[in-house]
Amino acid sequence: MAILDSPESFDTTSSSAGNDGDHRSTLRRRPSARAAEVLLDSNSNSLEADTVVNGAESDRNDGNSTGNLCGRVVESLNEEQRSESAGEGLSYVKEKEEEKGKENGEIGEGKGGEALAVKFAYRPSAPAHRKIKESPLSSDAIFKQSHAGLFNLCIVVLVAVNGRLIIENLMKYGWLIKSGFWFSSTSLRDWPLLMCCLSLPVFPLAAFLVEKSVQQNYISEWVAVFLHVIITTTEILYPVVVILRCGSAVLSGVTLMLFACIVWLKLVSYAHTNYDLRVLSKSLDKWEALSSYWNVDYSYDVSFKSLVYFMVAPTLCYQPSYPRTACIRKGWVVRQLVKLVIFTGLMGFIVEQYINPIVQNSQHPLKGDLLYAIERVLKLSVPNLYVWLCMFYCFFHLWLNILAELLCFGDREFYKDWWNARTVEEYWRMWNMPVHKWMVRHIYFPCLRNGIPKGVAVLVAFFVSAIFHELCIAVPCHIFKFWAFLGIMFQVPLVIVTNFLQDKFKNSMVGNMMFWCFFCILGQPMSVLLYYHDLMNRKASAR
């Protein structure tokens, strides 16, 4: 600031010249340390300080310099009134000036200008309301500002509430996690499932041989399609038979079925994509047009290397090449692995310490007292929601990003901001991007291209999703009550209702609240209770 570089500044005093009432302004030099201290303490910006100095330097020999200087200062301060912090600094300057003026018996030129500016700016007639402004929490302004303080408050409240619940749980049940939580001798009985999992790569190899044969014109197109149908059907039925014939743990069965479903989806994408590439390769004009539209440069070629990369890549949609990153960040991978271990342990703690006691002390939700069932569902909803969020973070963020980093896989949009979804349809389009892209690519648009209406195509996509949800839960539990299937198909009327509410109430979050209530607060805890009690009843009847 210019005032700090100047060794001295100008001050003015007023003197009376006799009885004629004429007042004259005289200039004299005074040290500027006091003025600099006032300006530094006031936290006023450089524009105000430069205005004072420039005014003083330009009016050294002008007898009317005080009036001009004050005018410029007042004008600049009126400009600065638009900022929120100017008022605080000016009030502080006013108090300092009055205090030092009383001590010295006089007010210097720069300080006098500041004092006059404060008088003009804070007169009772000065307008206090100059613009149209919304309250910070109104619907038009709530998303235009930061809510970091409220976010911190939520974290503090969550820590306090859950800390009390942890202490209460430990006092009531004690430490429930056993030493064999991760692995025990009974896990050795699941070796048939492990062997089944290790043998699943045979099916991608068979699909590669089929594609290589049709590329070499050893077999016809319809024979290749028939063989792919046999391969994919066998791949999904093989683990189902193994799980149903072996008395394995539920967690082992769920893991195997998830792995088998992922392989099935990849095989379907591999066969469907190669079929479409063969169709395009027969029409050179169409191939060039689509290649320029896709902005990719690859040709139809059945490569074993590309198949192996696809089978381990964090995607369900096959293509001959993918966007790649330059290098592997080893330190970043280590940090993500540490987070993965921590959050997986947190999931195990919540399941063993909270969910199991609540479920074991409950009744079947469809039998008995309705109010008691509602109380159990609501009590189970909070720890179940924590487990679900930890699962999402561990798998979709940590594990898929670790895998992508190790494989230099570039497209890492594994999810979008599904927590802001205004309808159930938006949620299903954003929370699981690999499955969503597969559904759009291999179910939804093929249905539309074959003349199926849009609503029916959506219904078909939900039907396929419901089947796989039922397989991943019902088969490991050895229970076929179709609770998971009905839960997914129930999303269809919710999609219609939330879309209607979104169209009726524009820019509202009604659909978002319905999603959280029906899907996370009520739907998942109800499914957990239903499957648990059916599983316990099946074991009791087996004994």
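Helices here are DSSP runs of H or I, at least four residues long, numbered from the N terminus. The model in every view is predicted.

**View 1. Phe 482 sits in the loop between helix 18 and helix 19 (483-489).** Its phi is near 60°. That is a positive value in a residue other than glycine. Is Phe 482 buried, partly exposed or exposed? Its relative accessible area is 44%, so Phe 482 is partly exposed; that class runs between the 20% and 50% limits.

**View 2. Asn 217 belongs to the loop that links helix 9 (202-215) and helix 10 (221-245).** This residue, too, is not a glycine and has a positive phi, near 65°. Asn 217 counts as exposed because its relative accessible area is 67%, and the exposed class begins over 50%.

**View 3. Helix 17 covers residues 433-449 and is kinked.** The helix has 17 residues. From first C-alpha to last it reaches 22 Å, close to the 24 Å expected at 1.5 Å a residue. The kink is about 40° and is centred on Val 440. Past the end of the helix, Gly 451 takes a positive phi of about 85°.

**View 4. Several residues of helix 17 are buried.** Met 433 and Pro 434 are among them. An α-helix has 3.6 residues a turn, so residues three or four places apart point the same way.

**View 5. The second largest pocket holds about 1400 Å³ of space.** Its lining counts 29 residues. Nearest the centre lie Leu 158, Asn 162, Val 382, Tyr 386 and Leu 389. Helix 7 (148-173), helix 14 (330-360) and helix 15 (370-407) each supply at least two lining residues. Which helix gives the most? Helix 7 does, with twelve residues. By class, the lining has 23 nonpolar, three polar and three charged residues.

**View 6. Asn 384 is a buried residue of helix 15.** Its relative accessibility is 9%, so Asn 384 counts as buried; the cut-off is under 20%. What does Asn 384 contact beyond its neighbours within four places in sequence? Its partners are Ile 355, Cys 520, Gln 524, Pro 525 and Val 528.

Notes
Residues numbered from 1 in each chain as written. Predicted model: local features only at pLDDT ≥ 70, side-chain atom pairs only at ≥ 80, totals over all residues. Heavy atoms only, no water. Expected span 1.5 Å × (residues − 1). Bend = angle between axes of the 7 residues up to and from the residue. Buried < 20%, exposed > 50% of the residue type's maximum accessible area, 1.4 Å probe, protein only. 1 Å grid on protein atoms, 1.4 Å probe; cavity = no way out; pocket = protein on both sides within 12 Å on 5 of 7 lines; lining within 4 Å. Points joined across faces, edges and corners; volume = space filled by probe spheres on them. Nonpolar A, V, L, I, M, F, W, Y, C, P; charged D, E, K, R; others polar. Contact = heavy atoms within 4.5 Å.
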